[in-house]
Amino acid sequence: MSGDTQKTRIETDCLGSVEIPHDALYGINTARAKRNFDVSPLVLGDQPEYVRALALVKQASAIANHQLGALSEKKSDAITRACEELAKGKHCQWLITDMLEGSGGTSTNMNMNEVIANRGLAIMGFKPGEYQHLHPNDDVNCSQSTNDVIPTAIHIALLTKAPRLLDALNKLSHSLSRKADEFSSVLRLGRTCLQSAQPMTLGQAFSGYAAVVRRRAKCIELALEGLNVVALGGTAIGTGFGSLNGYRALVNQHLSNISGLNILPAEEHFDVMQNADDIARLSSEIRITAETLGKIATDFTLLGSDDAGGLGEIALPECQAGSSIMPGKVNPVIPMMVQQVWFSVVGNDAAISMAASHGQLEINHFEPVMTTHLFDSLNLLTNACTRFDAKCVSGLEAKSQRSLNNLLNSSALATALVPQMGYQQVAEIVREKHQNSQSFLMTLQQHGLMSEDEAKACLKRCVYTQTT
């Protein structure tokens, strides 16, 4: 075969020369990274929020460097146009660096620099690789280091990406609140340690679910607050060496303007470049949220277990057949999906925690793995919340009579009888119930202590009595 698709160009660095496809917008650094780090299924171009954040950083830098006299207007304009295209999702096919690249983000940064430079060259009327007119390092990366660009872009990407999770959590909380209202009169057996405890309503249980999801959203929101403080302008280790005088304040001002976020330079750049505790904190809050949703999903699985072999107090929407061999079986597949997302997010947080604690001296080299796993957790939990709401919570129904029967058959009324009969006598009646394998209500009736109507009235008093 012949044609343009077989043509290559040669790029050279201090390690030697590499052949690059002639039309590729990446360069030698990216080509080497592709060969060295092809270890995971994800590459930079798969992360649109991250790409956009990196493009915004490069654009803000080009504008600031032009104002400070380091870049000509022609170069600044070409970089800006290339960045605007990347921020809109164009040219991502050339962002091929593995997300788990082992250079602490250098390959990611250089992949962006090279794509911006080569796209900028085309805008200026030159061919890819003609870096004497627009250079990836000297021009696109002017006044920057990987060590301040990457953490800044991570923060911006998270501030852009996380609101989807917050929105999904708030919608889920509202759905749970609506179910709490719908189930406010459904009497049920409250359980502790999977044993009969006290009477309550199904609505009260769901009000607890709604409240904790609402609170988890607030906790994540609080963890996001500090991420608008960024490392940009610190260059390699926090001193700012390598950037122009006045660059730090100017670049963050431009970054705020073009991102729509209130971006602030760190008061202590040595801190933000050494430490990743803000990322670890956000990951931890997301993990706790996943655990919380997993607990709710576990409750739904138990409460929705079938009448014959389980509790049978709620009916989950039937999404699909549950068995290839047992006809008619339907499983709680949506709650089980949420549980598996929970397990996955816990694993992601463990990796992030290890990476955050293994930074060395002036920077943390493990931001690539933190980024990959935190983005994965956000995606997983956002999608799980959305599907849990739409395919489970919104269509969930109460089995009121089954709940009432379980309650009447239990010893949940025992606590209510203690004031008039004393703990010991009531405990003996409970033991008699178990020994005779009959309901607590029947045992009370045999002793002439309470009728069914009296029991129901007592249950309602117990359930709706609030203490202050």
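Tutor: Let us begin with a term: a contact means heavy atoms within 4.5 Å. The model is predicted.

Student: In the protein chain, what share of the contacts with a separation of 6 or more joins residues 24 or more positions apart?

Tutor: The count takes in contacts in the protein chain with a separation of 6 or more. Among these, the part that joins residues 24 or more positions apart comes to 71%.

Student: How many helices and how many strands does the protein chain have?

Tutor: Helices and strands are DSSP runs, of at least four and at least two residues respectively. On that basis, the secondary structure of the protein chain comes to 17 helices and 8 strands.

Student: What percentage of the 468 residues counts as buried?

Tutor: The accessible surface of the protein chain comes to about 21800 Å², and 51% of it belongs to carbon and sulfur atoms. A residue is buried when its relative accessible area is under 20%. Of the 468 residues, the part that counts as buried is 48%.

Student: How far apart are the mean positions of the positive and negative charges?

Tutor: The protein chain carries 39 positive and 47 negative charges. The distance between their mean positions is 6 Å.

Student: How many disulfides does a search of the whole structure find?

Tutor: A disulfide would require two cysteine sulfur atoms within 2.5 Å. The search of the whole structure gives a count of 0.

Student: Which cysteine sulfur is nearest to that of Cys92, and which to that of Cys392?

Tutor: Cys92 is in no disulfide, and its nearest cysteine sulfur, 13 Å away, belongs to Cys83. Cys392 is likewise in no disulfide, and it is buried, with a relative accessible area of 1%. At 7.4 Å, the nearest cysteine sulfur to that of Cys392 is the one of Cys319.

Student: His91 has a positive phi; is this residue buried or exposed?

Tutor: The phi of His91 is near 70°, although the residue is not a glycine. His91 lies in the loop between α3 (73–87) and α4 (106–124). Its relative accessibility is 17%, and because the cut-off is under 20%, His91 counts as buried.

Student: Which residues outside its sequence neighbourhood does Ser196 contact?

Tutor: Ser196 is placed in strand β4 and is partly exposed, with a relative accessible area of 37%. Gln93, 103 residues away in sequence, lies 59 Å from it, C-alpha to C-alpha. Leaving aside neighbours within four places, the contacts of Ser196 are Leu189, Gly190, Ser410 and Ser411.

Student: What is the relative accessible area of Phe440?

Tutor: Phe440 lies in helix α16 (residues 440–446). Beyond four places in sequence, it touches residues including Leu408, Leu413, Leu417, Ile429 and Val430. Phe440 is buried, and its relative accessible area is 0%.

Student: Which residues does Pro332 touch, not counting those up to four places away in sequence?

Tutor: Pro332 lies in the loop between β7 (314–315) and α11. Its C-alpha is 7.0 Å from that of Leu316, at a sequence separation of 16 residues. The residues touched by Pro332 are Thr301 and Leu316.

Student: What is the C-alpha distance between Met336 and Thr301?

Tutor: Met336 is placed in helix α11 (residues 333–357) and is partly exposed, at 38% relative accessible area. Met336 and Thr301 are 35 residues apart in sequence. In space, their C-alpha distance is 7.8 Å.

Conventions
Residues are numbered from 1 along each chain as its sequence is written. This is a predicted model: local features need pLDDT of at least 70, side-chain atom pairs count only at pLDDT 80 or more; totals for chains, interfaces and linings use all residues. Side-chain values use heavy atoms; hydrogens and water are left out. Buried means under 20% relative accessible area, exposed over 50%, partly exposed in between (1.4 Å probe, protein chains only). Accessible areas come from the Shrake-Rupley method with a 1.4 Å probe; for residues, only the protein chains shown count as cover. Lys and Arg count as positive and Asp and Glu as negative; His and the chain ends are not counted. The place of a charge is taken as NZ of Lys, CZ of Arg, CG of Asp or CD of Glu.
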